[in-house]
Amino acid sequence: MLLAQNLTLIRSNRTIFEDINMSLSSGKIIALRGKNGSGKTSFIKTILNILEPSSGSIYWKGKILKQNLYDYFDNITYISDKTSSIRQLSIFENIKIWQKLFLSNINNNIIEKILSVLNLDSLTYSKVSTLSLGETKKLELLRLIIENKKIWILDEPLNNLDSESIDIIEQTFQDHCSKNGSILFSTHQDLKINISEEINL
């Protein structure tokens, strides 16, 4: 589905990563591993067509990515290491914006159940600016359910989460892949779920 061949990125005469190959298909989980500054975020941005690779190719459904960008982005949820929520608004207000923006068909009962599971239900009407880093991260990850896309691309999704929340995210990853979804994520943490492939940067 998503294929990268011999990807290399050089910026300011510095090689960020070199000759990376990746094949992300249905039901697959690929973990990007490496220390801070190793190129994980740059690789993700290259896969997302934000950065232009110095060499190599990216394919989506058998076509060069740039020839099929609309369909590609229609199938992807990207969660960066920075929040996309509006800090001056409440959790509830941000969720409503995301539901409208992504034309989500996820009903409110499901949203309420997930907020409860994530221990955010008591904070529904609190402004994002008052949340902890972990609470803000959990709100951001809620977009995965709201957008309901096949491919999840996440940059350090487990940062600032407690062990209970990490267990929930791991289960969510497994459920998504059991429904033919696929995941590419960066992390420096060890997970208990089965990873299909690991790319070290």
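Residues are numbered from 1 along each chain as its sequence is written, and side-chain values use heavy atoms, with hydrogens and water left out. Because the model is predicted, local features need pLDDT of at least 70 and side-chain atom pairs count only at pLDDT 80 or more, whereas totals for chains, interfaces and linings use all residues.

In soluble globular proteins, nonpolar side chains tend to be buried together. A nonpolar core is taken here as a set of buried Ala, Val, Leu, Ile, Met, Phe, Trp, Tyr and Cys residues joined through side-chain atoms within 4.5 Å, where buried means under 20% relative accessible area, exposed over 50% and partly exposed in between, with a 1.4 Å probe and protein chains only. The largest nonpolar core holds 25 residues, of which L2, M22, F43, I47, Y72, I153 and L184 touch the most other members. Two or more residues of this core come from each of β1 (2–11), β2 (14–24), β3 (29–33), α1 (40–47), β4 (55–60) and β7 (151–155), these elements being DSSP runs numbered from the N terminus (helices H or I, at least four residues; strands E, at least two). With five residues, β2 gives the most to this core. A second, separate core has 17 residues, including L141, L144, I166 and F185.

Helix α1 is mostly covered, with six of its eight residues buried, namely K40, S42, F43, I44, T46 and I47. When residues up to four places away in sequence are not counted, F43 touches L7, F17, I20, M22, L32, L184 and L201, contact being defined as heavy atoms within 4.5 Å. K40, although charged by class, counts as buried because its relative accessibility is 5%. With the sequence neighbours up to four places away again left out, K40 touches L32, R33, G34, K35, E156, S186, T187 and L201. Just after α1, N49 takes a positive phi of about 70°.

In helix α3 (residues 91–101), the buried residues are I91, N94, I95, W98 and Q99. They cover an arc of only 140° around the axis, which puts them on the same side of α3; the arc is that of the directions from the helix axis to the C-beta atoms. On the other side of α3, K100 and L101 are exposed. The buried residues of α3 pack against α4 (108–117), α5 (133–141) and α6 (143–147), and the helix is followed by L103, whose phi is positive, near 50°.

The largest pocket has about 540 Å³ of space, and of its 22 lining residues I114, I145, W152, T172 and D175 lie nearest its centre. The largest share of this lining, six residues, comes from α7, and the lining divides into 12 nonpolar, five polar and five charged residues. The second largest pocket has a volume of about 350 Å³ and is lined by 23 residues, of which S80, D81, K82, K137 and N159 lie nearest its centre. Four residues of this second lining come from α5, which gives the most, and by class the lining has two nonpolar, 12 polar and nine charged residues.

Conventions. On a 1 Å grid over the protein atoms alone, a cavity is a set of points where a 1.4 Å probe fits but cannot get out, and a pocket is an open set with protein on both sides within 12 Å along at least five of seven lines; lining residues have an atom within 4 Å of a point. Grid points are joined across faces, edges and corners, and a volume is the space filled by probe spheres set on the points.
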